Amino acid sequence: MPAVPPLPPSAPREVPPAAYSVGPGPGWTQGGAPYAPQGSAIQWDLAWKGALLAGVGAAILTAIPFVSIGCCLWMLGAGVLSVAMYRKQVPGTVITPGMGMKLGALAGVFGFMVNAVVTVLSFAVFRSNSDFRRAMQEQMEKQMANNPDPKVQAMVQHFMDWMSSPQGAATFVVLMLIVLGVVFIVITAAGGALGASMSDRRREFR
């Protein structure tokens, strides 16, 4: 076999592994700016704790009589807080508005679960209370007095009788919970998107 001729002194002894890589890597630059890989997946094992705390806090604030006036504000704040707490759990992560909506929606689910329990218990207590029945009777009498039309009075009487039955009360509670759940999740998701947008603006100013 012929001997392999030696390489000239100027030739490289070996090719570095980075020369075989294709596409951008951790140190790849484009236009002088370093490229940093960004993940768009949420680490739910870290996200649920902050979402739970934010959702429960919003549910408690919306259940307090006078503080519940700002219920929409508390829901928005829960979405923003869930994004902020997730950023502390995973520092350096770029949170897009879509990711913020998911984090806020998770906080809304937790908040709705707590608020649903409080709502069902409160309705059960008030429905068994004689004062609640008396208030409903007085409201029915007012509606019948304001509308002398016999058809309207018959409709009001039929609705009050339906509300007094167990099936009517259960249906009313279910409908109320569905509306409450949609409102909770939508507003907290909007708060999460708002929190993500606010963080992006702060990063641009820096």
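Let's start inside the chain: threonine 119 is buried, with a relative accessible area of 18%. Buried here means under 20% relative accessible area, with exposed over 50% and partly exposed in between, using a 1.4 Å probe and protein chains only. Threonine 119 sits in helix H3, which covers residues 97-128. Its side chain reaches the backbone oxygen of asparagine 115 at 2.7 Å. Setting aside neighbours within four places in sequence, threonine 119 is in contact with Met176, Leu177 and Leu180, where contact means heavy atoms within 4.5 Å.

Before going further, a word on what you are looking at. This is a predicted model, in which local features need pLDDT of at least 70 and side-chain atom pairs count only at pLDDT 80 or more, while totals for chains, interfaces and linings use all residues. Residues are numbered from 1 along each chain as its sequence is written, and side-chain values use heavy atoms, leaving out hydrogens and water.

Now step back to the whole chain. Its secondary structure comes to six helices and two strands, and reading along the sequence gives the pattern β-β-α-α-α-α-α-α. Helices (H or I, at least four residues) and strands (E, at least two) are DSSP runs, numbered from the N terminus. Of the 206 residues in the chain, 25% are buried. Among contacts between residues at least 6 apart in sequence, 74% join residues at least 24 apart.

How do two of these helices pack? Two packed helices are described by the angle between their axes and the distance between the axes. Helix H1 (residues 44-63) and helix H2 (residues 71-89) pack at an angle of about 160 degrees, with their axes 8 Å apart. That makes H1 roughly antiparallel to H2, since angles over 145 degrees count as roughly antiparallel, under 35 as roughly parallel, 65 to 115 as roughly perpendicular and the rest as oblique. The axes are lines fitted to C-alpha atoms, for helices over the stretch in contact, and angles run from 0 to 180 degrees between N-to-C directions. The crossing of H1 and H2 is right-handed, that is, the near helix is turned clockwise from the far one by less than a right angle, with anticlockwise giving left-handed. On the H1 side, the contact residues include Leu46, Ala47, Gly50 and Ala54, and on the H2 side Trp74, Met75, Ala78 and Leu81 are among them. The residues of this contact divide into 14 nonpolar, four polar and no charged. In that count, Ala, Val, Leu, Ile, Met, Phe, Trp, Tyr, Cys and Pro are nonpolar, Asp, Glu, Lys and Arg are charged, and the others, Gly among them, are polar.

Not counting residues up to four places away in sequence, alanine 54 touches Ala78, Leu81, Ser82 and Ala107. Alanine 54 and alanine 107 are 53 residues apart in sequence, yet 6.1 Å apart in space, C-alpha to C-alpha.

Finally, walk along helix H6, which spans residues 166-205 and holds isoleucine 187. Valine 173 is also found in H6 and is buried, with a relative accessible area of 11%. Beyond its neighbours within four places in sequence, valine 173 is in contact with Val120 and Phe123; its C-alpha lies 8.0 Å from that of phenylalanine 123, at a sequence separation of 50 residues. Isoleucine 187 is buried at 17% and touches Cys72, Met75 and Leu76, again leaving out residues up to four places away. Its C-alpha and that of cysteine 71, 116 residues apart along the chain, are separated by 10.0 Å. With neighbours within four places set aside, alanine 193 is in contact with Pro97, Gly100 and Met101.

Technical notes: Polar contact = N/O pair within 3.5 Å; in protein donor to acceptor, adjacent residues only side chain to side chain.
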